[in-house]
Amino acid sequence: MVQRQVKKQVHGQAHVVRMDSGPGWRTILEEEVNEILQSPLQAYKFVPEIKTDEDGIEVQNLDFRQLLELPLRLLTASEILWRLDTKHVGSFGEYEDFIESINWSLYLAEGSPVKVRCQSYRSALYHEGKLEKMARAILEKKGHGSGEARYVIRIEQKENRCSAYLALTQEPLFRRHYKVDYSHPAPIQEHLAAAAIRWVWGKEAVDYIYVPFAGSGTMLMESWLYAHRPSLDLWRPLPSLEAIPDFPFTTWKFLKNKLRPENPQALKARAIEWDVQGIEVLRNNIEHAQKRWEPLRGVWETSGIDF
């Protein structure tokens with residue numbers, strides 16, 4: 001029964017997702033989203049549309065299978081939120097009815113724990129703690145407790161409109177996990193580095209990557225990712241997404257294979273880091289990254305001395 005409902009109400013319908021960038025980089029994110037939507041990995045049923053407002057970027061009319069491309073390809077977003085439902089809500093009673101009315105079995109694996117985050121903007125229902133407590137009680141009644149959460153649910157009450165979202169990843173999208181050593185004192189977040197690189201690099205042909213202040217390797221890794229666009233699950237599995245009921249694993253495998261060319265050649269790179277301990281951190285991280293991405297082997301060097 002649930003399987004038929006998933007195919008009809010999830011796989012066969014158009015969807016809405018929302019995302020945002022780091023401060024100041026929304027235009028770059030919109031550019032990247034447009035690029036991805038205009039170069040789909042296969043043909044889709046629906047034609048997506050992008051809307052930008054004060055809350056970020058919203059993609060409407062999105063095919064479910066094209067939705068799956070986003071966490072595999074998007075570099076400059078901090079999070080991708082899949083809208084499950086939205087409704088006019090003007091009282092706590094209506095709020096409770098709204099959360100109760102969502103068919104959670106279409107989106108959450110049976111008995112899986114969830115994390116709930118509630119936010120209220122310009123609404124009479126301003127008590128976020130109460131909203132969260134009510135939502136948790138409903139989800140727990142449906143078998144979704146608050147243990148080691150597999151899913152993150154975000155509920156937003158904005159004026160008299162309530163929307164429920166499911167995050168496509170358990171943790172922020174920019175945590176790609178290509179590093180093994182996080183001891184550097186001030187690493188830049190990955191999506192911020194990716195946005196800066198896209199802004200500077202543009203569409204220019206590049207045959208060599210040079211990073212003068214390499215730190216723990218974020219700018220170097222994001223440069224390689226921008227240049228070659230591999231599937232971003234290389235270092236960060238997506239178990240919460242794959243646990244969605246009746247997940248289309250055949251499509252998922254196809255999408256990931258499309259992002260893994262047979263004979264890739266990574267750009268050669270030189271990374272400079274003056275701190276002796278920093279050089280060790282940098283090397284450890286690149287060596288860790290190349291275990292999952294073979295094209296990095298033999299194409300990089302690190303040094304504490306410039307050219």
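Helices (H or I, at least four residues) and strands (E, at least two) are taken as DSSP runs and numbered from the N terminus. The structure is a predicted model, in which local features need pLDDT of at least 70 and side-chain atom pairs count only at pLDDT 80 or more, whereas totals for chains, interfaces and linings use all residues. Residues are numbered from 1 along each chain as its sequence is written, and side-chain values use heavy atoms, with hydrogens and water left out.

The protein chain contains 10 helices and 10 strands. Its C-alpha trace spans about 65 × 40 × 35 Å along the principal axes. Buried residues account for 50% of the 307 residues in the protein chain; buried means under 20% relative accessible area, exposed over 50%, and partly exposed in between (1.4 Å probe, protein chains only). Contact means heavy atoms within 4.5 Å. Among contacts in the protein chain between residues at least 6 apart in sequence, 78% join residues at least 24 apart.

Two packed helices are described by the angle between their axes and the distance between the axes. Axes are lines fitted to C-alpha atoms, for helices over the stretch in contact, and angles run from 0 to 180 degrees between N-to-C directions. Angles under 35 degrees count as roughly parallel, over 145 as roughly antiparallel, 65 to 115 as roughly perpendicular and the rest as oblique. The axes of helix α2 (residues 26–37) and helix α3 (residues 64–73) cross at roughly 130 degrees and come within 11 Å. α2 is therefore oblique to α3. The crossing in which α2 passes α3 is right-handed; a crossing is right-handed if the near helix is turned clockwise from the far one by less than a right angle, and left-handed if anticlockwise. On the α2 side, E32, I36 and L37 meet Q66, E69, L70 and R73 of α3. By class, this contact of α2 with α3 has three nonpolar, one polar and three charged residues, where Ala, Val, Leu, Ile, Met, Phe, Trp, Tyr, Cys and Pro count as nonpolar, Asp, Glu, Lys and Arg as charged, and the others, Gly among them, as polar.

Helix α2 also packs with helix α6 (residues 190–201), the axes coming within 10 Å and crossing at roughly 80 degrees. This angle makes α2 roughly perpendicular to α6. I28, E31, E32 and E35 of α2 form the contact with A195, R198 and W199 of α6. By class, the contact of α2 with α6 has three nonpolar, no polar and four charged residues.

For helix α4 (residues 92–101) and α5, the axes are 10 Å apart and the packing angle is about 35 degrees. α4 passes α5 in a right-handed crossing. The contact comprises F92, Y95, E96, I99 and E100 of α4 with K130, L131, E132, M134, A135, I138 and K141 of α5. Seven nonpolar, no polar and five charged residues make up the contact of α4 with α5.

Several loop residues were examined individually. The loop between β7 (161–167) and α6 holds H177, and K179 is found in the loop between β7 and α6 as well. Phi of H177 is near 65 degrees, a positive value in a residue other than glycine, and H177 counts as partly exposed at 29% relative accessibility. K179, at 6% relative accessibility, counts as buried. Not counting residues up to four places away in sequence, K179 touches P187, S216, T218, N285 and H288. K179 and F64 are 115 residues apart in sequence and 31 Å apart in space, C-alpha to C-alpha.

S216 is located in the loop between β8 (208–211) and α7 (218–228) and counts as buried at 5% relative accessibility. Apart from residues up to four places away in sequence, S216 touches K179, H184, P187, V281, L282 and N285.

L267, in the loop between α9 (249–258) and β9 (268–272), counts as buried at 15% relative accessibility. L267 and V206 are 61 residues apart in sequence and 8.3 Å apart in space, C-alpha to C-alpha. With residues up to four places away in sequence not counted, L267 touches W201, V206, D207, I209, W224, A227, H228 and V299.

R122 lies in the loop between β5 (114–121) and α5 (128–141). R122 is exposed, with a relative accessible area of 55%, and its phi is near 50 degrees, a positive value in a residue other than glycine.
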